[in-house]
Amino acid sequence: MVRLYLRRQFGSSGACRNVKTTVESSWQQRTDSFPQDKAEEFKKYPNVTADGLRGRRERPRRVKMLMRDFIEDSLYNPQYGYFSKHATIFTGAPFDFNSIKDEPEFNRLLGQRYVEFEDKLDEKEFDDARQLWHTPTELFRPYYGEAIARYMVANYKLSLYPYHDLVIYELGAGNGTLMLNILDYIRQTDAEVYARTKFRIIEVSSSLAKLQTQNLYSSAASRGHADKVEIINKSIFDWDLYVPTPCFFLAMEVFDNFGHDVIRYDPQTDAPMQGSVLIDAEGDFFEFYTRTLDPVASRFLRVRDAACEDRHYSHPLRNSRLWRSIRHNLPFAPNLTLPEYIPTRLMQFFSILGSKFPAHRLVTSDFHTLPQATAGYNAPVVQTRYQRRTVLVRTPLVFQGYFDILFPTDFGVMEDIYRAITGRLTRVMTHEDFFRRWAYVEDTQMRSGENAMLGWYKNASVMVTV
């Protein structure tokens with residue numbers, strides 16, 4: 001039975017060498033640590049950040065940056081970033097699940113719709129490197145959004161109504177479908193709560209913010225929500241407004257694309273070393289590690305050590321020091337451990353929630369594991385689409401803007417860190433458990449008895465503030 005455990009890339013997976021999406025994409029990957037012939041360049045090239053590169057129209061050269069900045073620039077740069085310029089979200093009419101025979105038929109129908117959707121896009125503008133992906137919001141609409149609305153309304157009426165409005169923030173809203181499904185449901189089922197509802201989207205991508213506005217005004221029914229909606233086109237990491245009142249904060253499948261730092265450890269001393277990316281004059285990438293940690297990575301390691309003291313989690317230093325010393329002294333053994341990718345941007349997001357939205361209630365869902373990831377701990381899947389085929393690569397050092405870089409979330413560790421930073425309590429459950437409780441599961445049940453919304457996304461979890 002085939003399932004799409006990644007939210008994106010519907011199509012055949014396959015090896016593809018020398019992928020070239022445009023003339024400018026003749027880059028080469030470099031993954032060796034400490035390439036000696038580039039050491040002098042690393043010393044003299046300036047440090048840059050993703051924030052500092054926002055105004056650039058061309059990909060940088062002769063610079064170095066931390067891994068989290070390289071990933072963020074690759075995904076979100078306004079001029080050439082993956083989400084800003086090259087990603088398209090699949091959408092279409094809702095599926096009539098009750099009329100579908102079984103899951104194989106659902107897979108076939110979905111594949112057929114993908115082809116038809118992309119054929120129409122190609123009629124307007126052909127693109128053999130189009131990055132087309134889907135979300136559970138689109139696949140299971142409107143039922144996915146209705147379940148989340150049902151959860152929020154129930155908890156709002158239990159503890160906040162009638163003393164506070166129902167204020168909802170959504171981070172990274174895609175097409176705006178989840179917003180419309182939630183508002184439609186509240187309007188249809190509870191007029192009193194709908195009168196008190198306000199919905200605010202925080203969207204870093206200007207193109208997606210524009211698309212969300214277009215979809216909001218696309219029909220008479222959706223235009224009826226216009227006075228309740230505000231679309232804020234800015235990064236959550238630039239947020240400076242203090243919001244003291246209670247609110248729900250939706251972050252559905254956004255953690256996986258937050259920037260991560262990369263750490264390797266000295267097997268002899270256990271000392272962490274932080275990874276940076278050098279981009280040379282030819283646009284080639286080289287990975288360097290230094291013993292000096294920047295304040296953000298250093299803080300993450302301190303917070304994790306304190307918050308997760310009693311929790312066992314996967315880590316490069318889990319084996320004994322003696323065993324690691326023997327292993328790394330073997331001929332041709334690497335001089336550092338495998339890389340560990342640490343979610344420093346996610347920690348910063350929790351800090352913003354704690355300091356700017358002190359009365360928030362987080363509702364988030366993301367992948368707790370991902371197949372076919374690159375080497376390392378908490379390592380990402382790096383993939384692109386070329387001629388409607390999914391192409392996986394083995395390093396995040398890829399041509400900026402043409403590859404999706406997505407990470408799993410260790411919800412146990414993140415739950416502890418969230419609690420330590422915000423002081424709020426949480427509950428983590430599987431994707432299936434959450435929607436079995438809050439969805440009308442008969443809406444997505446097929447004639448065979450299989451349930452698409454419950455059966456898919458087995459590798460996803462939901463975390464909510466309690």
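This report walks through a predicted model of one protein chain, from its overall make-up to single residues.

**Overview**

The chain has 466 residues, and 56% of them are buried. It holds 16 helices and 18 strands.

How confident is the predictor? The average pLDDT of the protein chain is 90. A score of at least 70 is reached by 89% of the residues.

The largest nonpolar core has 59 residues. Which of its members touch the most others? They are Phe140, Ile148 and Ile182. Helix α6, residues 143–159, gives the largest share of this core, with 9 residues.

Ile182 shows what such a member meets. Beyond its neighbours within four places in sequence, Ile182 contacts Gly145, Ile148, Ala149, Met152, Ile168, Phe199 and Leu250.

There is also a second, separate core, made of 40 residues. Among its members are Val254, Phe255, Ala297 and Leu362.

**A pair of helices**

Helix α13 covers residues 344–356, and helix α14 covers residues 411–422. The two pack at an angle of about 35°. Their axes lie 9 Å apart. The crossing of α13 past α14 is right-handed.

Which residues meet here? From α13 come Leu346, Met347, Phe350, Ser351, Leu353 and Gly354. From α14 come Met414, Ile417, Tyr418, Ile421 and Thr422. Sorted by class, this contact has 8 nonpolar residues, 3 polar ones and no charged ones.

Most residues other than glycine have a negative phi, and most peptide bonds are trans. Some places in this chain depart from that pattern.

One runs from Arg141 to Pro142, with omega near 0°. Pro142 sits in the loop between α5 (136–139) and α6. The other joins Tyr161 and Pro162, with omega about 5°. Pro162 is in the loop between α6 and β5 (166–171).

Glu253 is not a glycine, yet its phi is positive, about 55°. Glu253 belongs to the loop between β8 (247–252) and β9 (261–265). Is Glu253 buried or exposed? With a relative accessible area of 10%, Glu253 is buried, because buried means under 20%.

Tyr457 is not a glycine either, and its phi is also positive, about 55°. Tyr457 lies in the loop between α16 (452–455) and β18 (460–465). Its relative accessible area is 2%, so Tyr457 counts as buried too.

| Pair | Separation along the chain | C-alpha distance |
|---|---|---|
| Pro272 and Arg291 | 19 residues | 6.6 Å |
| Ile202 and Lys234 | 32 residues | 6.4 Å |
| Ser314 and Asn378 | 64 residues | 8.2 Å |

Start with Pro272. It lies in strand β10, residues 272–279. Pro272 is partly exposed, with a relative accessible area of 25%. Leaving out residues up to four places away in sequence, Pro272 touches Ile263, Arg264, Tyr265, Arg291, Leu293 and Leu301. Its table partner, Arg291, is on that list.

Next comes Ile202, in strand β6, residues 197–202. Its relative accessibility is 1%, so Ile202 counts as buried. Again leaving out residues up to four places away, Ile202 touches Tyr169, Glu170, Leu171, Gly172, Ile232, Lys234, Ile236, Trp239 and Phe249. Here too the table partner, Lys234, is on the list.

Is Ser314 buried or exposed? Ser314 is exposed, with a relative accessible area of 52%, because exposed means over 50%.

Terms used. Residues numbered from 1 in each chain as written. Predicted model: local features only at pLDDT ≥ 70, side-chain atom pairs only at ≥ 80, totals over all residues. Heavy atoms only, no water. Core = buried A, V, L, I, M, F, W, Y, C linked by side-chain atoms within 4.5 Å. Buried < 20%, exposed > 50% of the residue type's maximum accessible area, 1.4 Å probe, protein only. Helix = DSSP H or I, 4+ residues; strand = E, 2+ residues; numbered from the N terminus. Contact = heavy atoms within 4.5 Å. Axes fitted to C-alpha atoms, helices over the stretch in contact; angles between N-to-C directions. Left-handed = near helix turned anticlockwise from the far one by under 90°. Nonpolar A, V, L, I, M, F, W, Y, C, P; charged D, E, K, R; others polar. pLDDT = per-residue confidence, 0-100.
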